[in-house]
Amino acid sequence: MATCSTGCAPAVRLCQRLNRLKTLDGDMMATSLKRCLSTLDLTLMGVGGMVGSGLYVLTGTVAKDTAGPAVIISFVFAGIASLLAAFCYAEFGARIPKTGSAYMFTYVSVGEVWAFLIGWNVILENMIGGAAVARAWSGYLDSIFNHAIQNFTETHIMQWNVPFLAHYPDLLAAGILVFASVFISFGVQVSSYLNHIFSTISMGVIAFILVFGFVLADPANWSQEQGGFAPYGMSGILAGSATCFYAFVGFDVIASSSEEAKNPQKAVPVATAISLGLAATAYILVSCVLTLMVPWRTLDPNSALADAFFRRGYSWAGIVVAVGSICAMNTVLLCNLFSLPRIVYAMAEDGLFFSIFARVNPVTKVPVNAILVFGILMACMALMFDLEALVQFLSIGTLLAYTFVAASVIVLRFQPEKTNSKDTTTTSPNVNAEVSPAPSESQTITEDSEEPKQYESFSDKLQLVERQTTRERRGVGHLKAYWEPYLDRLLGDCEPGEVVAFCVMTLIVSSVSLCAVLEFGNEQLQFPVWCFTMLLVIFTLAYVLSLALIWIHEPQRNNQTFQVPLVPLTPGASILFNVFLMMKLSLLTWIRFTVWIAIGLLVYFGYGIWHSKEGLRELQPKDMAARYVVLPSGSLVETVQSVQPDGQVVTSAHQISSPTAAEAAGKR
């Protein structure tokens with residue numbers, strides 16, 4: 001047994017290192033960045049991140065190919081699903097006002113390696129997203145000038161026919177990214193002002209589209225002669241919801257900016273709610289206007305709004321729509337360039353990524369190195385690569401981040417607050433100050449077991465012996481009072497929050513299994529009906545039972561910051577919906593995702609795990625750590641451990657007389 005324990009020790013230490021949690025400072029508002037963003041600034045950032053080119057392209061595509069005029073209902077469902085994820089981000093952004101978004105939230109609740117992988121995927125997601133928007137911006141502007149820029153580049157500069165590369169270098173897309181990166185490096189206020197300008201113009205154009213579009217609306221376009229309101233039925237509405245869901249993925253820029261907000265506890269939840277409401281309203285009303293102006297079968301997927309006004313005889317309105325589209329794409333571009341360097345900065349600040357990106361300019365108070373380096377990398381991607389094949393990769397990174405954030409909300413909600421480690425250590429072997437008070441009933445030690453029990457601190461932990469006779473007040477992570485008589489014997493011995501953490505893991509596994517059966521059970525796997533039904537029942541019961549077991553535990557109750565309502569139901573539903581959408585992605589996307597994860601693990605094990613500040617904090621020497629062993633006789637043995645920098649522990653012990661229960665009673 002000893003040999004097995006010795007052999008397993010390195011694996012146990014590795015698991016502990018991989019799953020160590022980030023230690024947060026006492027002052028959550030302390031930062032090297034500049035806190036200058038108001039609620040309005042964060043709201044406009046959220047609107048700018050969500051209301052982009054999708055408003056001008058996605059609405060027409062989904063209406064024509066997937067849902068018809070019922071695209072309105074698709075956006076309603078997608079908005080509700082996005083609200084579930086937005087609630088989780090809003091709670092974390094208010095509770096932990098630090099930059100890093102999903103990476104930071106995962107680090108403080110799930111573990112280090114999982115946080116790194118989430119951050120690693122979010123980095124690629126923002127890079128591809130920014131490069132794709134830049135190419136769309138370039139292509140849209142080029143189309144206004146009858147593709148003169150593309151023709152000039154192919155004729156006078158160069159073109160190539162290489163797989164995964166664009167047909168020609170998109171100098172305009174690369175130039176706008178470099179130009180925007182330079183502007184953003186001037187400071188967060190400059191970025192905010194630019195976003196204000198473009199967001200204001202974009203919202204003005206949307207208002208114009210709505211007012212003028214409803215004037216031109218023709219209800220006959222929803223009639224049965226044109227196919228009706230929902231020509232593809234409920235399946236088309238749900239398929240459209242899955243596509244429309246990605247129109248709302250930009251709200252996480254608000255959480256990424258929480259470290260630069262003046263009052264993040266209030267501003268982050270309010271800005272998230274308002275921006276998501278405005279974006280959903282814009283998408284729903286524009287979809288309504290678009291399908292009422294012209295028959296949905298005749299929509300042009302590439303430029304539906306501009307084409308709709310042109311066909312109604314108002315070609316000049318297409319110029320207004322083009323201006324709004326370019327401004328909307330500018331806001332999305334700014335949001336990508338704004339949030340990406342801050343995630344890189346957060347990872348570098350924690351030691352998991354190269355330290356050069358953790359440097360903050362003393363004048364502008366922004367991570368200039370991260371902004372410029374990743375802005376140039378994004379420009380290179382937009383310059384050379386054909387990103388159409390990689391755009392679907394954006395979805396898997398976003399959905400994975402949403403899933404981990406939702407799981408983190410559940411874990412932290414039922415996890416007791418950590419106590420300061422200083423309370424459990426002493427700097428001297430002298431414990432007279434700890435044991436000097438006269439023994440009382442709470443200090444009386446009566447143990448029937450033969451084995452000694454260890455407690456980290458005499459003053460804080462000795463009274464735990466009395467739990468056999470005196471029931472303590474229930475805390476966070478314990479069973480609720482109503483359920484204790486029924487389940488205490490089964491779950492009472494678990495540590496607070498331990499059952500919840502296990503149930504969260506079961507929740508994710510059952511969600512993946514349930515969605516896999518629904519997606520692949522009938523066609524690809526060809527299960528018999530009885531097998532398909534049985535698997536659905538088993539995984540559904542596992543999912544529901546996990547939620548029920550989480551619910552019967554005591555949660556944290558914090559009235560000072562925003563909290564997600566209906567936990568664990570809200571984050572549990574978000575996890576299930578995100579996993580369902582991930583199952584809809586193609587096999588090629590999963591293969592690319594696996595390759596990117598493998599590269600990320602090489603970076604983590606090659607650099608991050610060795611430079612992690614949490615790991616370095618564990619190696620810092622501690623003067624003395626006193627532990628007390630309770631003997632069956634009632635006496636104490638004090639074990640003083642001197643922790644050396646190389647991890648060696650020098651232990652000495654001596655016995656401290658302590659009155660037994662009978663002696664203490666006699667003295668009284």
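A search of the whole structure, a predicted model, finds zero disulfides. Cys503 shows the spacing: its sulfur is 9.6 Å from the closest cysteine sulfur, in Cys494, which is too far for a bond. The fold comprises 25 helices and four strands. Of the 668 residues in the protein, 50% are buried.

**Cysteines**
- Cys503 has a relative accessible area of 3%, so this residue is buried.
- Cys36 is also buried, with a relative accessible area of 9%.

**Overall build**
- Take contacts between residues at least 6 apart in sequence: 79% of them join residues at least 24 apart.
- The protein exposes about 31200 Å². Carbon and sulfur atoms supply 64% of that area.

**Aromatic pairs**
- The structure holds 37 aromatic pairs.
- One of them joins Tyr89 and Phe105. Their ring centres are 6.0 Å apart and their planes meet at 75°; an angle over 60° makes a pair edge-to-face, so this pair is edge-to-face.
- The Tyr89–Phe105 pair links distant parts of the chain, 16 residues apart. Tyr89 belongs to helix H4 (residues 71–95), and Phe105 to helix H5 (residues 102–107).
- Tyr89 and Phe105 are both buried.
- Tyr482 and Tyr486 form a tilted pair, with 6.0 Å centre to centre and 50° between the planes.
- Tyr482 counts as exposed because its relative accessibility is 58%. Tyr486 is exposed too, with a relative accessible area of 58%.
- Ring pairs also build a cluster. Its members are Phe116, Trp120, Phe353, Phe354, Phe357, Phe374, Trp596, Tyr604, Phe605 and Tyr607.

**Charges over rings**
- Arg342 places its charged end over the ring of Phe338, 3.7 Å from the ring centre.
- Lys480 does likewise with Trp551: its charged end sits over the ring, 4.4 Å from the centre.

**Backbone exceptions**
- Most residues other than glycine have a negative phi, and most peptide bonds are trans. The residues below depart from one or other pattern.
- Ser101 has a positive phi, near 50°, although this residue is not glycine. Ser101 lies in the loop between H4 and H5. With a relative accessible area of 3%, Ser101 is buried.
- Leu566 also has a positive phi, near 55°, and is likewise not glycine. The loop between H21 and H22 holds Leu566. Leu566 counts as exposed because its relative accessibility is 62%.
- The peptide bond from Val567 to Pro568 is cis, with omega near 15°. Pro568 sits in the loop between helix H21 (529–551) and H22.

**Thr570 and its surroundings**
- Thr570 is part of helix H22, which covers residues 569–583.
- At 8% relative accessibility, Thr570 falls under the 20% limit and therefore counts as buried.
- Leaving aside residues up to four places away in sequence, Thr570 touches Leu84, Phe87, Val564 and Pro565.

Notes:
Residues numbered from 1 in each chain as written. Predicted model: local features only at pLDDT ≥ 70, side-chain atom pairs only at ≥ 80, totals over all residues. Heavy atoms only, no water. Helix = DSSP H or I, 4+ residues; strand = E, 2+ residues; numbered from the N terminus. Buried < 20%, exposed > 50% of the residue type's maximum accessible area, 1.4 Å probe, protein only. Contact = heavy atoms within 4.5 Å. Areas by Shrake-Rupley, 256 points an atom, 1.4 Å probe, with all protein chains shown as cover. Phe/Tyr/Trp six-rings, centres within 6.5 Å; stacked < 30°, edge-to-face > 60°. Lys NZ or Arg CZ within 6 Å of the ring centre and 35° of its normal. Disulfide = S-S within 2.5 Å.
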